[in-house]
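Let's walk through this structure together, one part after another.

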Amino acid sequence: MKTEEVTAEVAAKLIPIYIMGKKYDVPESLTIMKAMEYAGYKYIRGCGCRGGVCGACATVYRKPGDYKIYTGLACQTVVEPEMYLTQLPFYPANRAVYDFAELEGKPEDVFELYPELFRCVACNACTKVCPMDVEVLDYISALKRGDIKAAAEISFDCIQCGLCASRCFAEMPQYHIGQLARRLNGAYLTPRAEHLKTMVANIEAERFKEGLDSLKAMDTDTLKETYQDREMEPATAGEDWAPKDNTYL
Amino acid sequence: MPYPEELKKLIKVVESTRAERVERKKRNEEVPFLSLDERNEMLQYHPDVKEEGRRELQVGPSKGYKIAHEMADLIEAKCRVEPDKINLDKIDYETDVLVIGGGGAGTAAALLAQQQGAKVMVATKLRHGDANTMMAEGGIQAASKGHKDSPYFHYLDVMGGGHFKNIPELVETLVTKAPEAIRWLESLGCNFSKAPDGTLKTIHGGGTSRKRMHYAADITGAEIMRTIRDEARNCPGEIVVLEFSPAVELILNEHGHCGGAVLYNLETEEYLVVKAKSVVMATGGSGRLHIQGFMTTNHYGATADGIIMGYRAGVPISFLHTVQYHPTGVVFPEQAEGILITEKFRGSGANLVNIDGQQFVNEREPRDVEAASIIKECVVKGKGVPTPTGKLGVWLDSPMIDTLSGEGTVQREFPGKHILYKRFGIDISKEPMLIYPTLHYQNGGLDFKNDGTTCVPGLFVAGEVGGGIHGENRLMGNSLLDIMVFGKIAGESAGKYAKDSFKDGKLSLEHASKYNKEVDEAGVDNGRVAPMILPDYTDPRVREKQLTAHYVGTLR
């Protein structure tokens, strides 16, 4: 029996929820996603990783007698009695097209590609609606100040579900802008790894070819021995740890 | 939901042994690693060795090969649609390179094929980026630090993890192209965790002899996926992505070369013909087959489609007799059941402990050994922790990490998992996690060479759908690496092939008709169809009442 079916069996008490206005009784311990499947829905849209990182299953819901708009990921949010919900698997948002190699990581890169940034009125609806608790307004504000690094860090947990864009008074695609900020930060505002560059050059110069050829030619028993004898870097070793034998470095 | 009282009591036991375990960790006193013989003994508790879990294939190029029933059921199934019904004279799309699958491997392939000047089409089952890549957390391996590491040691580690069965040429390519793959991602703006001077942070993973796991907090795969997807979106017209359009059959041509694929538009239910000069198969894995009833970490779309299509087109399979169970999947709370808890927790110092608060295995054994140890501890030794949902698990003692590395470390280094558990009322920097092995990775797959080619000219393979790189067991951090290295290679090869070697010819589905016939003749036809495309989680009681619904496989 499949895991998901077992889950439905285990849960005992049924509670009413309203899927797009229509009432279904579902086990109280299920996530919205499993509850909709329990109710008989078969997902095509609105379901992705089922693990809270892909942004496919953004869901908006309300509770009776409560003015607030609630949001969550269907795969992560447990059902509540009387909740009424809809999924928002897609929301149109314009993405600027750019030649990334031509950019430099300057604030103007962002301003020119997304001038709508300055339409922001700091209403904070984006932050309130974010199912990942990302401080969306904070990263948008950071970008308006030209602080790409801060925006990259604040937006890091964004899963690009698009709910921010759906609520934006300024009609901007925050999650695309955050993506641009992270790429600019990664490529232009963070020092490149020198050791990586050196290693790539050493590989191109075939520095390790002989060692690898000898491993490839080894019979299994010798290979096993070599494997067992390899020196292990201790778990608590610092960055400058070096092995005793540097023959194959 | 938060831990109920009975579990809170058991957590006290874990807390009572924590101080001593932390001290041992600080002194570098580890539970000794198992010798190769001891590993073999431990692997007797691994699900792969269960004879009753598998059977010999009755059809196709790897007839006689013994693999899991769930996979065999799909391989010994007929085409979703009668090949004769498809009108190959009416071509819906024409492109140079068709990439099947929009995950990490497919997207890397698309970018590299485009660099070769090819027009690229990406056909993907769900959205672009809906893939296991997005879910990979822990990291990506590469020997990037020359003062202590090299491809030589990476090679040794990969072979040891794979039981020395891996295809040497594939491993060699994997480890020698690894640093360049990281550099490519770095240049595209991928935010790897770094020291202020740009030095990449690296940690250990199970089975590594050197700390070479690079990471982007605990969402390494998502960071890689969203970066390369963003880059693909900078090539409109050059890289066209068809979402919700999985491929269901490869198309060959009169020369026996791959010439495209039949797609299925999940929303309009049309079957569409794509003609291409070369095809990259990058459909990923198969966790959603729930082999042996195990829960899975995998994406909704991980249903082995590429294996089925490639196999029918004549590509043999290997290493599919082993399946990777990730040692640490959430077993409680049930809302998160099956979700992966990255190995990085163990790499950062968290112990695995049983119901008595005792360690029973080194935290950095290869995954199969680690998983087998947990199963043995729970099922054989009776030292598992019973969950309120009637399952067993062991503790992953995450609060240790804060004790070892300072308060706030768990929240900073594992923001994704910290927030996930917070929603259930559990603070993993204060309370441990309850885990059990979960179906994670398809070690094997379609046979291919280190330039991405298969025995079918014009058909290339990249990523989890291919077999051989990881032998019988993959190490952590080598799948993100695999999809980047071999995604790029397959894309480049397919782009060049489209330019230089492509030979036009009449399109044909003859191979699919023949395969259907073979299934008939073998007498294994049980009305099954494949590829599966999506798993079926509809409540059986609902399905019983869908009296006029017509199901083809799992799809209505």
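In this predicted model, the contact between the two chains draws 78 residues from chain A and 79 residues from chain B. On chain A, the side that touches chain B takes at least two residues from each of α1 (3–10), α2 (32–39), α8 (174–189), α9 (194–204), α10 (209–217) and α11 (220–229). Which of these helices gives the most? That is α9(A), with eight residues. Sorted by class, this side of chain A holds 38 nonpolar, 22 polar and 18 charged residues.

Now look at chain A by itself. You will find 11 helices and five strands in chain A. Its radius of gyration is 26 Å, whereas the globule rule gives 18 Å for 249 residues; the value is well over the rule, so chain A is more spread out than a compact globule. Along the principal axes, the C-alpha atoms of chain A fill a box of roughly 70 × 55 × 30 Å. Of the 249 residues in chain A, 40% count as buried. If you take the contacts in chain A with a separation of 6 or more, 58% of them are between residues 24 or more positions apart.

The domain assignment of chain A gives two entries: domain 1 (8–87) and domain 2 (91–221). The C-alpha centres of domain 1 and domain 2 of chain A lie 31 Å apart. How many residues are in contact between these domains? Eight residues of domain 1 of chain A are in contact with seven residues of domain 2 of chain A. On the domain 1 side, strand β4 (residues 70–73) of chain A supplies the largest share, three residues.

Helix α4 (residues 104–115) and helix α9 (residues 220–232) of chain B pack at an angle of about 35°, and their axes are 10 Å apart. The crossing of α4(B) and α9(B) is left-handed. From α4(B), the contact uses Gly104(B), Thr107(B), Ala108(B), Ala110(B) and Leu111(B). Facing them from α9(B) are Ile224(B), Met225(B), Ile228(B), Arg229(B), Glu231(B) and Ala232(B). By class, the contact of α4(B) with α9(B) comprises seven nonpolar, two polar and two charged residues.

Finally, some backbone details of chain B deserve a look. Most residues other than glycine have a negative phi, and most peptide bonds are trans. The peptide bond from Phe332(B) to Pro333(B) is cis, with omega near 0°, and Pro333(B) lies in the loop between β14 (323–332) and α11 (344–347) of chain B. The bond from Ala530(B) to Pro531(B) is also cis, with omega near 0°; Pro531(B) is in the loop between β23 (529–530) and α18 (540–545) of chain B.

Two phenylalanines have a positive phi. Phe244(B), with phi near 50°, is found in the loop between β9 (239–242) and β10 (247–253) of chain B. Phe319(B), with phi of about 65°, has its place in the loop between β13 (317–318) and β14 of chain B. Are these residues buried or partly exposed? Phe244(B) is partly exposed, with 18 other C-beta atoms within 10 Å. Phe319(B) has 25 C-beta neighbours inside 10 Å, so it counts as buried.

Conventions: Residues numbered from 1 in each chain as written. Chains lettered and ligands numbered in written order. Predicted model: local features only at pLDDT ≥ 70, side-chain atom pairs only at ≥ 80, totals over all residues. Helix = DSSP H or I, 4+ residues; strand = E, 2+ residues; numbered from the N terminus. Nonpolar A, V, L, I, M, F, W, Y, C, P; charged D, E, K, R; others polar. Domains from an automatic or database assignment. Axes fitted to C-alpha atoms, helices over the stretch in contact; angles between N-to-C directions. Left-handed = near helix turned anticlockwise from the far one by under 90°. Rg over C-alpha atoms; globule rule 2.2 N^0.38 Å. Buried ≥ 20, exposed ≤ 12 C-beta atoms within 10 Å, placed from the backbone.
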